[in-house]
Structures are given as structure tokens and as C-alpha cells.
Amino acid sequence: MLGIRTVLWTLSVALSVVTGADFKAHNCSEVRQASIAKGFSFENVPLQETSGDHLRVCPQGSTCCTSEMEDKFGQRSKLELENLVDETSHELRSTFVSRHKKFDEFFLELLENTEKSLNEMFVRTYGKPYMQNSEVFQNLFAELKRYYTGGNVNLEEMLNDFWSRLLERMFTLLNSQYVITEDYLECISKYTDQLKPFGDVPKKLKAQVTRAFIVARTFVQGLSVGREVASRVSKVSSTPACIRALTKMMYCPYCQAMPSVKPCNNYCLNVMKGCLANQADLDPEWNQYIGLNCSYSQMEDCSQGVE
């Protein structure tokens, strides 16, 4: 996972590369050539340096820039920052998307195979009596799936209800020679804990299922949150101050007849810290979030063995 500091360093290096290579030019003709090479289309580029009193961002001494050029440099700076942030965070976003998809498919497939296997075993073992009451188990797995996918399901209450419904069905089947009323069945359900018709199985199963599903849902929701956060912070809302700083760093050398001069790495880093101040503020919380998700990594490793 990429940390905020790593992203800032990567962006600073990328921005250094964007600005050009070694120092070569000192005249407006090279500024014109360099501008064309960068894809700019200016109506007028001064043949020689002129007064820069009209400039609002770059130094107002002798200049090779018109107001139109300075404005377009600012627009390009904004666009390049947005593209660089988007490209740099693409791998992070893709990682969250792929891992979320992989684990989600793994867990849902595991749940589906468990239901299928249990159904086949019960059909072979109990035959028609089970098939006539199989909806009890179908409802159980439907509720488990609904909980995992974010539904408002109380696991403990749902599992207690499952065992109560199962007891009622079994009691009715085993005493089919009697007419059993709903009140009688309700009375039996109330004393399930005391009677313990299924022994300690409900208690053990409840603990195992609750633990497994809470962890699974937390993990997959965590991946989903990470994906959305990464996607949102990759959309930079550049402030005027940020655009001015970027323009000064990346394109004001054009106005000074030095289009090939590139800024030093520390300069780039400081500008990026200012432009991505909001994202940088997330660093402590983001690192804590990454650490929390790493604690669930063994669950994801399990999915590696699913074919």
C-alpha cells in the first residue's frame, strides 16, 4: 500500500521530469520551440524579451511570456497535477478493487458451496422429511448472506430463531400422530435453553459463525472503504495558491527564457506538500487503517487456495 509520503515523493520526481531536461536555452526562440513541443498553441510569442509588467504569477522583469501564455501555463499546471495524482494513485485504487472483488467472490462461493454440500448430505440422509422442511436451512443461509453483504441482521437473534424453527419442525415430525398447536410449539421454543435438545451444538456454532461472519464483513467493508477513500483523494481540488506555486515552479522558467531548467527535488516536494495538504493530513489515520486491514491478511491468504 502506498503511504502519503511515498505519493508526495513520487509526484515530486514526476513533476521534475515534466519540466524538461538540462539547461540549454536563453532566448525566446527556444521558448517558442519548447512550448510547441509541450503541445501549446500560442498566437504570439515574443521574438525577444520584453517588459513583464503584465504578468501576475511569474517575475515581472524581462520576459518571453504574454498574458495569454501565463494563463495557459496555469491551466496546464492544474491539469498536469490532476493527471499525475490520478496516475500515481491508480495502482492503489486497482489494488483495493481487485482485492475486494477477490475476497468477496471467495467468501460468497464458500457460503454457496457450504449450503449446497449441506443440502446434498441432508437429502441423502433424511430424504423426503428434510426436503419438505428445507426452507428452514435456505432461510438460514439467505440471512447469513444478507448479513455479510451489509444487511441489517442481528446474528445472535437470527441463529436463535433458526434453532427454534428447527426444533419446532423436528418435534412435529417426530410426533406426527398428535395434533400439535402453535401455542404448544411456542412453549417448547421458550424452554429450548433449558431442554437443550441439540446439546451444546447451537452454542458452539453460534460462537463460530458469529466470529467468522463479523470478521469477513468487517474485512470486505474495510476494503470497500479504502477503495472509496483512495478514489476521492485522487481527485485533487486545486486552490489558486497551489496553481500559482505549480506555475512558478514548472513554467515560469519559460518566461525567463530558460524552458529547459527543471526545479530541484526539494522545491517540488514543498510545492506538492502545499497542494496536497488535505491528503497529507490523512497520513496517520491512513497508516492506522492499513495496519488494521493487514491484521486480516490471513483471511485473504485463504482465498489463494480457492480454485
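Modeller: The torsion about the S-S bond of Cys28 and Cys64 is about -90°, so this disulfide (a pair of cysteine sulfur atoms within 2.5 Å) is left-handed. The pair ties together parts that are 36 residues apart in sequence, because Cys28 lies in helix H2 and Cys64 in the loop between strand S2 (62-63) and H3. Helices (H or I, at least four residues) and strands (E, at least two) are DSSP runs, numbered from the N terminus. The model is predicted: local features need pLDDT of at least 70 and side-chain atom pairs count only at pLDDT 80 or more, while totals for chains, interfaces and linings use all residues. Residues are numbered from 1 along each chain as its sequence is written, and side-chain values use heavy atoms, with hydrogens and water left out.

The sulfur atoms of Cys28 and Cys64 are 2.0 Å apart. Cys28 has 3% relative accessibility and counts as buried; Cys64, at 0%, is also buried. Buried means under 20% relative accessible area, exposed over 50%, and partly exposed in between (1.4 Å probe, protein chains only).

Helix H2 (residues 28-37) has as its buried residues Cys28, Val31, Ala34 and Ser35. Seen down the axis of H2, these fall within an arc of 110° (taken from the directions from the helix axis to the C-beta atoms), so they line one face of the helix. The face turned away from that buried side carries the exposed residues Gln33, Ile36 and Ala37. Helix H3 (67-126) and helix H11 (252-255) are among what covers the buried residues of H2, where contact means heavy atoms within 4.5 Å.
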